[in-house]
Amino acid sequence: MLNIIWLFFFVIAFALSLFDWLFAGNQAAFPDLVKSLFDMAKLSVTISIGLIGVLAFWLGLLKIAEQSGLVNKLARLLAPLFRKLMPEVPDGHPALGSISMNMAANMLGLDNAATPMGIRAMEQLQELNPVKQTASNAQILFLVLNTSAVTVIPITVMLYRAQMGAADPAAIFLPILLATSASTFVGLLAVSLVQKLSIFNRVIGLYFLIFASLIGGLVWALLSLPADQMSAMSSALGNFLLMSAIVLILLHGWRHKIPVYEEFVEGAKDGFKVAVTIIPYLVAMLTAIGALRASGALDAFASGLSWLLGSLGFDTRFVEAIPTALMKPFSGSGARAMMLETMEAQGVDSLAGYMVATIQGSTETTFYVLTVYFGAVGIKRIRHALSCGLLADLAGITAAILLSYWFFA
């Protein structure tokens with residue numbers, strides 16, 4: 001499927017640029033298209049190089065956590081849950097601890113911490129994978145959970161709203177939480193149907209109840225704060241928890257007589273290797289996405305959708321947010337740019353402004369996550385990972401639009 005989609009992006013981009021040149025008289029159609037290819041190729045390397053330091057730091061810490069047994073403790077804590085969701089992963093396997101740390105970082109909106117932990121988890125799952133170039137069931141479930149990205153504290157989106165002068169930067173807090181929860185539930189349900197997993201049982205229900213209670217308590221605590229303090233408190237809390245995790249890992253290693261400095265350096269060495277490994281995969285995907293965007297395909301789709309729904313008598317105010325929604329699965333930076341552009345043009349506290357912010361926090365960048373995580377371990381056959389991930393994206397974005405109408409229209 002990925003082969004077909006990747007080829008389709010280039011063919012569509014070429015066809016639209018050819019039409020733009022021959023029939024619309026746009027002499028810059030192909031120069032702009034080719035420039036986008038080179039820009040995206042350069043961006044791919046820039047992203048990979050930028051990841052080296054972050055990957056080295058967190059992989060160094062994870063090495064200490066593994067050697068001191070902290071990861072195994074996390075794995076045992078979550079073993080009953082993952083025994084149901086990932087039956088092929090043995091009880092107490094280190095991958096379960098890495099998955100737990102990755103999901104915790106995602107929930108706090110700490111992307112820089114989540115990516116290295118996710119890559120480490122994917123590498124550990126790859127050790128159990130009997131067919132190395134084909135994604136296993138456990139790897140697909142883990143990837144879809146990442147692309148659906150339950151975000152409890154959407155720090156980045158709230159900060160962007162504050163910078164744009166929003167009256168209440170944290171107004172999108174609850175809509176984002178509900179939208180991203182919908183995305184995760186649909187993604188998990190889709191994977192469970194394909195893989196024939198039973199997710200409606202007492203074990204998963206108990207973990208869900210505990211998770212919902214923690215989320216509910218956090219939401220209640222934050223919503224009880226004045227609006228002008230909620231964003232700052234969310235940021236402070238998220239980073240406090242992150243720093244606490246770092247200190248906990250180091251102290252746990254020291255307590256168990258682990259040479260923390262030497263183990264950190266040993267683990268950090270893998271950061272450079274992983275960053276270099278993902279460059280070809282990023283170049284392939286980002287150039288295709290860049291070509292699609294430069295050709296005007298996304299804008300044409302949004303305009304066509306607006307015309308169709310308008311002619312049928314539907315409310316078309318959400319169409320202003322469609323470019324952000326279309327870009328979100330493909331490019332995080334592209335979706336962020338479109339979000340800021342919409343906020344600037346329509347107003348940060350307009351319906352469209354609320355909507356793009358909610359969409360931005362509702363899901364992760366599916367193609368980027370797929371490219372980085374599977375690319376890091378050499379997966380070429382992704383099976384149902386992309387379709388389930390995009391289904392989760394669709395659920396999250398649809399929920400974001402409907403919730404924006406409910407909360408802000």
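**Group meeting: helices in a predicted model**

Hi everyone, let's start with the record: UniProt, in an unreviewed entry, places the feature "transmembrane region" at residues 40–62, 140–160, 172–194, 206–225, 231–251, 272–294 and 390–408. Its positions follow the numbering used here, feature names are shortened, and annotations may be inferred rather than shown by experiment.

This is a predicted model, where local features need pLDDT of at least 70, side-chain atom pairs count only at pLDDT 80 or more, and totals for chains, interfaces and linings use all residues. Residues are numbered from 1 along each chain as its sequence is written, and side-chain values use heavy atoms, with hydrogens and water left out.

On confidence, pLDDT (the predictor's confidence in each residue, from 0 to 100) averages 84 over the protein, and 93% of the residues score at least 70. Helix α7 has the lowest mean, 75, while helix α18, residues 385–408, has the highest, 92. Helices here are DSSP runs (H or I, at least four residues; strands are E, at least two), numbered from the N terminus.

Back to the record's stretches: residues 40–62 are 100% helix, with end C-alpha atoms 31 Å apart. Residues 390–408 are also 100% helix, with ends 26 Å apart.

Finally, P80 sits in helix α3, residues 70–85. Beyond neighbours within four places in sequence, P80 is in contact (heavy atoms within 4.5 Å) with V203 and Y207. Thanks, all!
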